[in-house]
Amino acid sequence: MRNALIAGTFTGAACGLVGWFLVLRAQVFAGEALSHVAFTGALAAAALGIDVRLGLFVATIVVAVGMGGLGERAKADDVTIGTVFAWILGLGALCMAIFSRNGNGSDGAAAVHVLFGSILGLSGTDTSLAVGISLAAIAALLVLARPLLFSSLDPDVAAAQGVRVGALGLGFLVILGATAAEATQAVGALLLLGLVAAPAAAAQRLARNPYRSLALAAVLAVAAVWGGLAFAYVVPRVPPSTAIIVLAASFYLAAAGMDSRPHGEPVGRAREA
């Protein structure tokens, strides 16, 4: 529980911040695709007999860069993401078939952990790695926050003002890939999108100022992790990843009920920022 709370705190904060820009840039589908990339990367690493975490990070970051390179101004479009999505799912199915033929129980367990998360099974080394990667992602986003916000809202004007829109988009996708790979160990590839997108979308509905909204997204994501872990501790039959995502989704449903703005209206004073 101690390792889960420490790793979950930093991972949740990183997911909230990354998710805020993901929702703002309308790239939620990219986050969904990268969650499946993480699963396939882990299976491929297990097949090669190397550390599963290496497969997670290499696959997600490389594919994120590839999607950015194929999209306009490093912002992958739906066609690009959908094509990559289908290709990755095909590779994942191939790896699953290989594992089934080999009958390797340890590989099967590793695949289940990647799919559904194993936050209560994190070692001290896993926790330190999660904290380090999350802090690096948070620091990078804070440095890029203002120009990334500008380029996300109005890329043409940002480019005219000298902002390197393409480089920013590519950098953001790299941060997204690293965060997705790390968060996969906590909530699993299948549920990753819930922790990334739901608190961020809730924060954008609740806070009008973009920077307050960004901070709120991190707070809500961490609260979902803490609340989910507490519930799973009290009710051991409930997987912690399930409890975390249910709570994160509940935040969004509550925010949607409280927000009177029309769906899709931009965040408060974001355009003025």
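User: Which residues, Phe21 and Phe172, are buried or exposed in this model?

Analyst: Both Phe21 and Phe172 are buried, and it should be kept in mind that the model is predicted. At 1% relative accessibility, Phe21 counts as buried because the limit for that class is under 20%.

User: How many aromatic pairs are there, and what geometry does the pair of Trp20 and Phe21 have?

Analyst: The count comes to 2 aromatic pairs. Trp20 and Phe21 form an edge-to-face pair, with 5.2 Å centre to centre and 85 degrees between the planes. The rings of Phe21 and Phe172 have their centres 6.4 Å apart and their planes at 65 degrees, and because planes over 60 degrees apart count as edge-to-face, this pair is edge-to-face. Phe21 lies in helix H1 and Phe172 in helix H8, so the pair ties together parts that are 151 residues apart in sequence. Trp20, Phe21 and Phe172 form one aromatic cluster, in which Trp20 also counts as buried, at 1% relative accessibility.

User: How should I read the packing of H1 and H8?

Analyst: In general, two packed helices are described by the angle between their axes and the distance between the axes. Here helix H1 (residues 2–24) packs with helix H8 (residues 165–187) at an angle of about 140 degrees, their axes lying 10 Å apart, which means that H1 is oblique to H8. The crossing of H1 and H8 is left-handed.

User: Which residues of H1 and H8 meet?

Analyst: Thr11, Ala14, Cys15, Val18, Phe21 and Leu22 in H1 meet Phe172, Ile175, Leu176, Thr179, Glu182 and Ala183 in H8. By class, this contact of H1 with H8 has 9 nonpolar, 2 polar and 1 charged residues.

Note on methods: Residues numbered from 1 in each chain as written. Predicted model: local features only at pLDDT ≥ 70, side-chain atom pairs only at ≥ 80, totals over all residues. Heavy atoms only, no water. Axes fitted to C-alpha atoms, helices over the stretch in contact; angles between N-to-C directions. Helix = DSSP H or I, 4+ residues; strand = E, 2+ residues; numbered from the N terminus. Parallel < 35°, antiparallel > 145°, perpendicular 65-115°, else oblique. Left-handed = near helix turned anticlockwise from the far one by under 90°. Contact = heavy atoms within 4.5 Å. Nonpolar A, V, L, I, M, F, W, Y, C, P; charged D, E, K, R; others polar. Phe/Tyr/Trp six-rings, centres within 6.5 Å; stacked < 30°, edge-to-face > 60°. Buried < 20%, exposed > 50% of the residue type's maximum accessible area, 1.4 Å probe, protein only.
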